[in-house]
Amino acid sequence: MRDIAVFTGSAHPDLAAEICEHLGVPLLPAKVSRFANDCIEVQLQGNCRERDVFLIQPLVPPVQENLVELLFMLDAARGASAGRISVVLPHYAYARSDKKDAPRISIGGRLVADLLTTAGADRVLAMTLHSPQVHGFFSIPVDHLHALRELADHFRGYDLSNTVVVSPDLGNAKEAAAFARMLGIEVAAGAKQRYADDKVVISTVIGEVTDRDVIVLDDEIAKGSTVFELLDRLRERNTRSVRVACTHGLFAAGAIERLSAEKDVEEIVCTNTVPIPRSEHTDKLTVLSVAPALAEAIRRIHNGESVSALFA
């Protein structure tokens, strides 16, 4: 891959390094510094001229800092005469801001997509966007990956003869159904209403979960409000065991410790789209790597091959 150049910012250098290891290319250095007035400066310390440049930067906390870093990396690559610039977004935090559900609020998912395009992005490689419409916020090509294959490979190691996949809400039911088909098991879903960022109510679970082993599947877990509410409904149905799975394990406000403390939660599975400090790991936490999938997608984009074929 002579013409490829891969850079990363401060958000998740370990994932970027692992992706480059699978690609067999070096991770080129990028210098992020601050002026005395707190303004950020980014310098890409590798040749970009006429090269296929990939910038790996999940939008994880501190989200605004990492977003500005990414915008500055885009501007630097464009100014350095990059042949093509692809943004690799393992996690797009603003994807949750995807609709106007209250008066006079911004749709952040669309605005940030416009910012990335204006800064110089030619295409985007994303992993498990929060909702399908976010794909349409971008006016440039988007390759949208999911981690269902990695999660399914993990759960195939268990006895699934009495297992059901449960989506916390109907919005994620399509992904849960696809995941259940991969495992050859049934699917159920919670009837959820959200009243605030950390206030949700699940009135019932649609589907048969009594005396079943349950895999709760969601796209991301932040504070865990939805999962804890669903656990209450599952206990009322006398489920046999619960394992919790998601792509983006944000685990804000001590969520991983609180989930691990739940006696009926046997395992928490997520991927490494988001960095999880070693100090927050527990015996119940399993972190799967999406670096091979992202690396293969980057290779296919670089070589002009089909990315959708990865999910055939």
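Biologist: Which strands does helix α8 lie across?
Modeller: Helix α8 (residues 291-303) lies across β1, β4, β5, β6 (123-127) and β7. Helix α8 runs at about 160 degrees to β6. Angles go from 0 to 180 degrees between N-to-C directions, with axes as lines fitted to C-alpha atoms, for helices over the stretch in contact. Contact means heavy atoms within 4.5 Å.

Biologist: What kind of model is this?
Modeller: It is a predicted model, where local features need pLDDT of at least 70, side-chain atom pairs count only at pLDDT 80 or more, and totals for chains, interfaces and linings use all residues. Residues are numbered from 1 along each chain as its sequence is written, and side-chain values use heavy atoms, leaving out hydrogens and water.

Biologist: And what are helices and strands here?
Modeller: Both are DSSP runs, numbered from the N terminus. Helices are H or I with at least four residues, and strands are E with at least two.

Biologist: OK, in what order do the 5 strands of the open sheet come?
Modeller: The order is β1-β4-β5-β6-β7, with parallel pairing. Two strands pair if DSSP finds at least two bridges between them.

Biologist: Which strands stand at the edges?
Modeller: β1 and β7 do. Each has a single partner strand, so one side of each has no neighbour in the sheet.

Biologist: How much are neighbouring strands turned against each other?
Modeller: By 15 degrees on average, ignoring direction.

Biologist: How many bridges join β4 to β5?
Modeller: There are 5 between β4 (residues 52-56) and β5 (residues 84-89), which run parallel. Take leucine 55: its bridge partner in β5 is valine 87.

Biologist: Where does α1 pack?
Modeller: On the sheet, where α1 touches β1 and β4. The direction of α1 makes about 160 degrees with that of β1.

Biologist: Back to β6. Why is it largely enclosed by the rest of the structure?
Modeller: Because 5 of the 5 residues of β6 are buried. Buried means under 20% relative accessible area, exposed means over 50%, and partly exposed is in between (1.4 Å probe, protein chains only).

Biologist: Which residues sit on each face of β6?
Modeller: Arg123, Leu125 and Met127 are on one side, and Val124 and Ala126 are on the other. In a regular strand, side chains alternate between the two faces of the sheet. β6 also pairs with β5 in the parallel sense over 4 bridges. Arginine 123 of β6 is the bridge partner of serine 86.

Biologist: New topic. What is the volume of the largest pocket?
Modeller: About 1,400 Å³. Among the 50 residues lining this pocket, the closest to its centre are Arg96, His130, Asp169, Asp219 and Glu220.

Biologist: What counts as a pocket or a cavity?
Modeller: Both are found on a 1 Å grid over the protein atoms alone. A cavity is a set of points where a 1.4 Å probe fits but cannot get out. A pocket is an open set with protein on both sides within 12 Å along at least five of seven lines. Lining residues have an atom within 4 Å of a point. Points are joined across faces, edges and corners, and a volume is the space filled by probe spheres set on them.

Biologist: How does the lining of the largest pocket split by class?
Modeller: It has 21 nonpolar, 15 polar and 14 charged residues. Ala, Val, Leu, Ile, Met, Phe, Trp, Tyr, Cys and Pro count as nonpolar, Asp, Glu, Lys and Arg as charged, and the others, Gly among them, as polar.

Biologist: How many cavities of 30 Å³ or more turn up?
Modeller: The search of the whole structure finds 1. The largest cavity holds about 30 Å³ of space. Its lining includes Met127, His130, Asp219 and Glu220.

Biologist: And which helix gives the largest share of the second largest pocket's lining?
Modeller: Helix α1 (residues 13-23), with 3 residues. That pocket holds about 180 Å³ of space.

Biologist: What is the phi of serine 81?
Modeller: It is positive, about 65 degrees, although serine 81 is not a glycine. Serine 81 sits in the loop between α2 and β5. Serine 81 is partly exposed, at 26% relative accessible area.
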